[in-house]
Amino acid sequence: LAADDLKNSITAENMIEEIFRREAGRVLATLIRLLGDFDLAEEARQEAFAAAIEQWPTHGVPANPRAWLIKTGRNKAVDRIRRDIVFRTKIADREFASAAADEVGALDDVDDTFGDDRLRLIFTCCHPALNAEAQIALTLREVCGLSTQAVARAFIVSEETMAQRLVRAKKKIRDAAIPYETPDSSVLDQRIEGVLAVVYGVFTEGYAATVGSDLIDVELCGEAIRLGRLLDALLPHNAAVMGLLALMLLHHARRLSRVSDAGDVVLLDDQDRSRWDQSEIAQGLALVDKSLRVPGQVSPYTVQAAIAALHARAGENEPTDWPQIVGLYEVLLRLQPTPVVELNHAVAVSMVDGAARALNLVDSLAARGKVTEYHLLHAARGRFLHQLGRLAEAREAYRNALNTATLEPERRLLAARLAALQSH
Amino acid sequence: MNYLLLVYTNEAEITGLGQSELKKLTDEYMEFTKSIVQAGHFKAGDRLKPVTAASTVRVRNGKAITTDGPFAETREQLGGYYLIEAKNLDEATAIAARIPGARFGSIEVRPVWPPMT
């Protein structure tokens, strides 16, 4: 009998853990709406989970655990607000706290619009009145549920620094009354752009870390894709959302082949295609098609995803469709005329029209003086010059690239290129 | 919540405007002010005289020192303000974006603490 009890309690524990994992984000999002305060909501959720661990094993798991957790969390918070009254002396405070407790206690729409609450949370965390770093940090912490320590690691700052950054962001939300709302349709597209920029920021930080010794932070990429899927579920048929999710999936599908066992960069041409994640590629390709079928202006994310799709479709027997890639980069240049897009366009041009024309494009980009510190520009020049047989200049370009590159694996690749040229 | 909307514009740009342009801008401001009064957002608002008329006061070691103007090297100067009531930051920034000066200057949106009790 004792063994049975033990077995039951273990399965109950697993079940409770599973429920917590599934519901943590939704419970928090709704508690923030009900309580109007991030910290109060986090404490309330913690207390609700503690109460569940105490009560569920003996009383059984409630029929609607999510509603139970939200209701319990809200009641705990109301108790806390009421309890605080005892410790306060000022009458004005007492009236305020009492009114606040009544207000929270009166709210009874615990069991509706959970999806909307998570969307509200995303829009609040990605509000343009918060600085870009705070937006990403807050989203990882509050929407993805990463610990402060994990978010700090992603930003390569101390846990204390990150905790302060999060506190400041939440204080601004409170002090400036940043709303906990899905924005009006008049500004919705613009605000979605901001949210997507945050998700893309999380992904690129994971995909090509800007500092450190590891090339890919798979955890961050995974979080970004999870966010993308959540947005796609909450804002269905949005071309930009689908485009970004497709872009991330198509890049993420190649994660195992992008880095060698020794941690070195493996360029697209040399990658082992059998290690590409075919399921992610299939999802990505389907999303690109769906996104392109949405009427209206095409999203830059979709164009980038379409380029990634052409790379993914190419195989051993099927050459990469470089002319179409050049065409897509020209579309992208019209939507997003940035130096990085120009550089990628030049690399594609080199595959169609040769290195001489590509070198012209890159030199004109460099002459405008915006990107002299960008190591990939020098690396591309080095490659074109090498192809043109101008070896001394190629060496010089690779040396410049090496001087401006910060990521260890990339530095190793550039050093290898340079060494190969020295022996000529 | 109350928000103070601080209108920063380049004074030289404004003083350089022709008669008809200035009239147009003034009309736009009157139109805007009327609209936020009607919508119940308006609490207060004024246009400021140029920084050439400004003085800065500091108290150091118990002595008040008055100096000429604020920092003249900044490109934009505080030219006026509105005190408005809005339900949240999004409503406040939407109102700020409608201030005519937002098109060529910038509007700082500052939430106001409720009065101390």
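**Figure 1. Chain B at a glance.** Of the 117 residues of chain B, 25% count as buried. Please keep in mind that this is a predicted model. The secondary structure of chain B comprises three helices and six strands, and reading along the sequence gives the pattern β-α-α-β-β-β-β-α-β. Along the principal axes, the C-alpha atoms of chain B fill a box of roughly 50 × 45 × 20 Å. Among contacts in chain B with a separation of 6 or more, 77% come from residues 24 or more positions apart.

**Figure 2. The open sheet of chain B.** Four strands of chain B line up in the order S2-S5-S1-S6, with antiparallel pairing. Strand S2 (42-47) and strand S6 (106-111) of chain B are the edge strands, each pairing on one side only. From one strand to the next, the twist averages 20 degrees. Look next at S2(B) and strand S5 (residues 77-85) of chain B: the two run antiparallel and are joined by five bridges.

**Figure 3. A helix lying across the strands of chain B.** Helix H2 (residues 19-38) of chain B lies across strand S1 (2-9), S2 and S5 of chain B.

**Figure 4. The nonpolar cores.** The largest nonpolar core has 117 residues, and those touching the most other members are A:Leu231, B:Tyr3, B:Leu5 and B:Ile84. Helix H1 (residues 2-35) of chain A gives the most to this core, with eleven residues. A second, separate core of 22 residues includes A:Phe384, A:Leu402, A:Leu414 and A:Leu418. Zooming in on B:Leu5, and leaving out residues up to four places away in sequence, you will find that B:Leu5 touches residues including B:Tyr81, B:Ile84, B:Ala92, B:Ile99 and B:Val109. Also among the residues touched by B:Leu5 are B:Gly80 and B:Glu108.

**Figure 5. Two helices crossing in chain A.** Helix H11 (residues 239-252) and helix H14 (residues 300-313) of chain A have axes that come within 8 Å and cross at roughly 35 degrees. The crossing of H11(A) past H14(A) is left-handed. On the H11(A) side, the residues that meet H14(A) include A:Ala239, A:Gly243, A:Leu247 and A:His251. H14(A) contributes residues such as A:Tyr301, A:Gln304, A:Ala305 and A:Ala312, among others. By class, this contact of H11(A) with H14(A) holds eleven nonpolar, four polar and no charged residues.

Key: Residues numbered from 1 in each chain as written. Chains lettered and ligands numbered in written order. Predicted model: local features only at pLDDT ≥ 70, side-chain atom pairs only at ≥ 80, totals over all residues. Heavy atoms only, no water. Axes fitted to C-alpha atoms, helices over the stretch in contact; angles between N-to-C directions. Left-handed = near helix turned anticlockwise from the far one by under 90°. Contact = heavy atoms within 4.5 Å. Nonpolar A, V, L, I, M, F, W, Y, C, P; charged D, E, K, R; others polar. Core = buried A, V, L, I, M, F, W, Y, C linked by side-chain atoms within 4.5 Å. Buried < 20%, exposed > 50% of the residue type's maximum accessible area, 1.4 Å probe, protein only. Pairing = 2+ DSSP bridges.
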